[in-house]
Every structure is written in C-alpha cells, then in structure tokens.
Amino acid sequence: MVVRHTFAAGQEPFSQQIDKIIKSHSLRGSESLRKLLQYLAKQALNHPDAPLKEYQIATEVYGRPSDFDPQTDSTIRVQAGRLRLKLAEYYGAEGAADPLVVKIPKGSYHLTFEARSLQPKPIDSGGQLQTVPPSDARGTVVVEVVPGRWRISLVLLLVALIASLIGLGSVLWSRRVPSSAVAKSGVPRAVGPLADFWRPFTSGTDAPWVIFSNAAFVGRPETGMRYYNSRQDSKVAVYDHYTGVGEVLAIHALDDAFGALGRTILVKRGSLFTLDDVKDNNLIFVGSPSENLSLLDIPNMEEFVFQRVASGKRQGDLSIVNKHPKPGEANAYLASPSDAALTEDYSVIGLVPGIGSGRYVMILAGTTTFGTQGAVEFVCRPDSVEKLLHEIPDSGGLAKPFEALVRVKIARGVPVESELVAVRAR
C-alpha cells in the first residue's frame with residue numbers, strides 16, 4: 001500500500017529537485033519541456049490550491065494568443081504527455097537514487113512530489129498503517145512514502161521490465177539492417193542518385209521523422225464533413241484522425257526508399273508535431289500547409305508558396321504561387337477544377353535548413369492528396385531524382401537547399417507521370 005504523509009517543509013528541497021531534473025541529460029535540448037516543468041513546479045509550490053488549466057499554460061508558458069482553444073489545439077496535452085515520459089526516463093536512470101520523485105498525475109497538470117523512504121513509521125498500535133489527513137497549513141507539501149516490501153516488489157518488476165526491454169531492443173536492432181549486415185547478406189544496397197539525394201537524411205545515426213498531414217474536420221462521415229473553420233466552429237467537435245489516400249501511399253514509398261538505403265524512418269501525424277521536433281531531428285513533411293498545419297511554424301518554401309485563389313472562377317481553390325516567375329513560367333499553378341475529373345496537379349519539393357544545427361527539413365506536398373503522392377514518388381525513383389540533382393548545386397556531397405515545382409499527371413486517382421517545371425536554388 002502507499003501511505004500519504006503531510007508535513008510542513010520549505011520549498012528549497014523541491015526547488016533543488018526541479019533544478020536537477022532541468023539540468024539532466026533527459027531534458028537536454030528540450031527547452032519547451034524545461035519551461036513547462038519550471039512553470040508547473042512554481043504553480044504547485046506557490047499556488048497548490050489554484051486550478052491549473054490548459055489555456056493558462058498555453059498563454060503564459062508558450063505565448064499562445066488569447067483566442068487559444070484547447071478543444072481544437074492539443075499542444076498542451078501533448079507537451080504534458082512528453083514531459084511525463086521524460087520524467088519517467090530521468091528516474092529510470094540519472095534520478096534512480098533521488099530522495100524526491102516528481103510526477104504529473106494523468107488528468108491533471110499539478111505536480112506531485114513523492115518522498116522515498118526505506119521504512120514508514122507505523123501509526124496505530126495494531127501495526128496497521130493509516131492515512132494521515134492533509135493539513136490546511138499553507139506551504140505544506142503532500143508526499144508519498146512507499147513501504148519496504150513494496151520497494152522489493154518494484155525492484156523485481158523493474159528487473160523484469162529491463163529484461164523485456166533488452167529483448168525488444170535486440171529484435172528492433174536486428175530489423176535496422178545496418179550496412180555491414182546488408183553487405184554480409186548479399187542484398188545490394190541502393191547507391192547512385194537516390195543515395196546522393198537523401199544523404200542529408202541518412203548521413204547521421206538518427207532516423208528522420210516523417211510528419212504526415214491529418215487536417216481538422218467537423219461534421220460526421222454519415223452526414224458530410226468539411227475542414228474546420230476557427231471563426232465559426234469554435235464550439236464544434238473536431239476530428240483530426242483522417243488523412244488522404246496519397247499520404248498513406250507516400251509514406252509507403254518513403255519506407256521502401258529508405259529501406260533500399262539500409263535505413264528506417266519514424267512516422268508522426270501533424271497534429272502531434274512540436275517545435276522541439278525541428279531542433280532535434282531531420283524532418284520530412286508529407287502534405288500541404290492547408291492540411292499539414294505544422295508546416296506554418298517552421299522554415300518553409302519561399303519561391304513556390306501555397307495560397308488560396310482570392311477571386312474569379314477558382315476562388316477558394318488551393319494554388320501554388322510562383323513568387324519570381326521566369327520566362328515561360330506561370331504566376332500560379334492549380335490542379336484540375338473541382339467540377340471536372342482530376343487529371344493534373346502540381347506539387348512542391350523543397351529542401352530547407354532546419355532550426356537545429358546541421359538539421360534539414362524536406363517538404364513534399366501537392367495541392368491535392370494525389371499531387372502529394374506524386375511528389376513523394378518523384379523523389380523515391382532514381383531516374384527522376386537524377387534529373388533533379390542536375391538542377392541543384394552540390395556542396396561536399398550534400399545537396400544545397402532548393403525548391404522545385406513538379407507537374408503530376410493523374411489517371412483514375414493514380415499519379416502516372418511527373419515532370420519538373422521549375423527549380424530554384426536557395
């Protein structure tokens with residue numbers, strides 16, 4: 001059993017514990033999580049009885065605007081979940097012997113501090129441990145003390161968990177298929193244009209993240225759905241668990257291409273994307289900013305920009321605007337009209353510097369889901385990639401940042417042909 005004790009204590013031990021966690025390896029390189037932990041600790045120690053809401057955290061910690069709506073923006077829930085995982089990681093390694101354990105109970109944003117003790121003191125004469133009621137005195141902190149027999153059980157459980165993780169790790173490691181394993185097995189590893197093009201994402205040890213679009217919708221599949229509009233749908237239930245057919249097939253194509261290079265990819269949906277991902281990882285975005293809204297928060301395209309048509313017959317349609325058209329190029333490019341069969345779309349392919357040092361961001365997006373699929377398939381084929389590499393300056397074996405516009409021909413919902421329209425070096 002877990003026994004709660006309430007005792008009057010100064011804030012110094014708890015503040016020192018928070019500082020220790022913030023400076024730990026687990027939170028290194030995650031400024032947003034450090035800020036969140038500091039804020040939650042301050043609230044828990046200085047205002048233990050005050051309610052703590054997502055809106056307050058969003059505006060005071062992350063500088064979100066006053067119209068922030070936690071029902072449609074899951075940023076704070078995602079960040080709190082990530083912080084819980086980081087705290088568990090810390091106490092599983094660096095903080096294994098710390099006297100205080102910091103937790104964020106699920107369903108709440110109030111920190112708790114749990115004191116570790118070798119043996120709790122019995123309270124009643126019968127040898128049974130009882131719960132001491134919390135004090136109303138300001139400045140007291142509720143901690144949890146774990147009896148010795150439970151500590152032994154926890155240690156045994158931890159040993160079993162570590163053994164399971166080791167087994168799982170060996171399985172996952174065997175699936176990575178490093179270059180040495182490929183060579184021994186006799187399976188040819190892809191070389192040439194495909195390897196050259198993707199080298200910014202394969203030269204390091206970390207697998208790149210593929211961020212795919214999952215736009216916010218309102219309505220129901222049975223009665224009709226449409227894109228979420230913040231001005232008129234603030235109180236309507238939002239669904240963000242849909243993505244396009246093209247994005248699904250695009251991720252499959254990327255997985256095949258990286259597998260041919262002896263590497264793997266990691267996949268995350270756009271609504272779970274955070275700015276920390278940009279600093280810590282190489283990223284590949286699949287889908288346009290109209291659906292992959294996380295693209296709006298990162299370094300983006302400058303020459304070929306997605307924009308809605310403001311007037312005329314195609315008003316409201318998504319287009320790709322050519323910011324500096326050259327002779328023979330159009331000012332904007334659109335897919336087939338919505339009232340006709342989709343036979344043509346346009347896509348962008350862009351390599352831009354990431355926020356973190358030595359990090360890269362690849363953007364692969366069409367104005368429709370099939371245009372997105374066409375863009376991804378274009379960069380997964382050696383023949384088409386070779387044509388693109390001829391247009392991009394080379395720098396020490398790594399392609400320099402660039403932007404490219406691609407025309408995609410579509411037949412019965414399938415991209416059948418793609419061709420370069422324009423390329424810009426950055």
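Colleague: Which residues in H4 do Gln-17, Lys-20 and Ile-21 in H1 meet?

Modeller: Leu-87, Tyr-90 and Tyr-91. Contact here means heavy atoms within 4.5 Å. Helices are DSSP runs of H or I with at least four residues, strands are runs of E with at least two, and both are numbered from the N terminus.

Colleague: What is the residue numbering, and what kind of model is this?

Modeller: Residues count from 1 along each chain as its sequence is written, and the model is predicted, so local features need pLDDT of at least 70 and side-chain atom pairs count only at pLDDT 80 or more, while totals for chains, interfaces and linings use all residues. Side-chain values use heavy atoms, with hydrogens and water left out.

Colleague: Back to H1 and H4. What classes of residue make up the contact?

Modeller: There are 4 nonpolar, 1 polar and 1 charged residues in the contact of H1 with H4. Nonpolar covers Ala, Val, Leu, Ile, Met, Phe, Trp, Tyr, Cys and Pro; charged covers Asp, Glu, Lys and Arg; the others, Gly among them, are polar.

Colleague: At roughly what angle do the axes of H1 and H4 cross?

Modeller: Roughly 95°, and the axes come within 11 Å; H4 is residues 75-91. H1 and H4 are therefore roughly perpendicular to each other. Axes are lines fitted to C-alpha atoms, for helices over the stretch in contact, and angles run from 0 to 180 degrees between N-to-C directions. Under 35 degrees counts as roughly parallel, over 145 as roughly antiparallel, 65 to 115 as roughly perpendicular and the rest as oblique.

Colleague: And H1 with H2, what angle is that?

Modeller: About 170°, with the axes 10 Å apart; H1 is residues 12-22 and H2 is residues 31-46. That makes H1 roughly antiparallel to H2. Phe-14, Ser-15, Ile-18, Ile-21 and Ile-22 come from H1, and H2 gives Arg-34, Leu-37, Gln-38, Ala-41 and Leu-45.

Colleague: Where is Ser-26? Is Ser-26 buried or exposed?

Modeller: Ser-26 sits in the loop between H1 and H2. Ser-26 is buried because its relative accessibility is 4%. Buried means under 20% relative accessible area, exposed over 50%, and partly exposed in between, with a 1.4 Å probe and protein chains only. Leaving out residues up to four places away in sequence, Ser-26 touches Lys-86, Glu-89, Tyr-90 and Glu-94.

Colleague: Now the whole protein. How many helices and strands does the protein have?

Modeller: 12 helices and 18 strands. The protein has 426 residues, and 41% of them count as buried.

Colleague: Which residues touch the most other members in the largest nonpolar core?

Modeller: Trp-198, Leu-254, Ile-284, Ile-349, Met-362, Val-379 and Leu-388, out of 37 residues in that core. Helix H9, residues 245-260, gives the most to this core, with 6 residues. A nonpolar core is a set of buried Ala, Val, Leu, Ile, Met, Phe, Trp, Tyr and Cys residues joined through side-chain atoms within 4.5 Å.

Colleague: How do the axes of H9 and H11 cross?

Modeller: At roughly 10°, coming within 7 Å; H11 is residues 369-378. That makes H9 roughly parallel to H11. Among the residues that meet are Ala-253 and Leu-254 in H9, and Gln-373 and Val-376 in H11. The contact of H9 with H11 has 6 nonpolar, 4 polar and 2 charged residues.

Colleague: What phi does Arg-412 have?

Modeller: A positive one, about 55°, although Arg-412 is not a glycine. Most residues other than glycine have a negative phi. Arg-412 lies in the loop between strand S17 (402-411) and strand S18 (414-425). With 87% relative accessibility, Arg-412 counts as exposed.

Colleague: And where is Pro-401?

Modeller: In the loop between strand S16 (398-399) and S17. Pro-401 counts as buried, at 18% relative accessibility. Pro-401 and Val-361 are 40 residues apart in sequence, and 9.3 Å apart in space from C-alpha to C-alpha.
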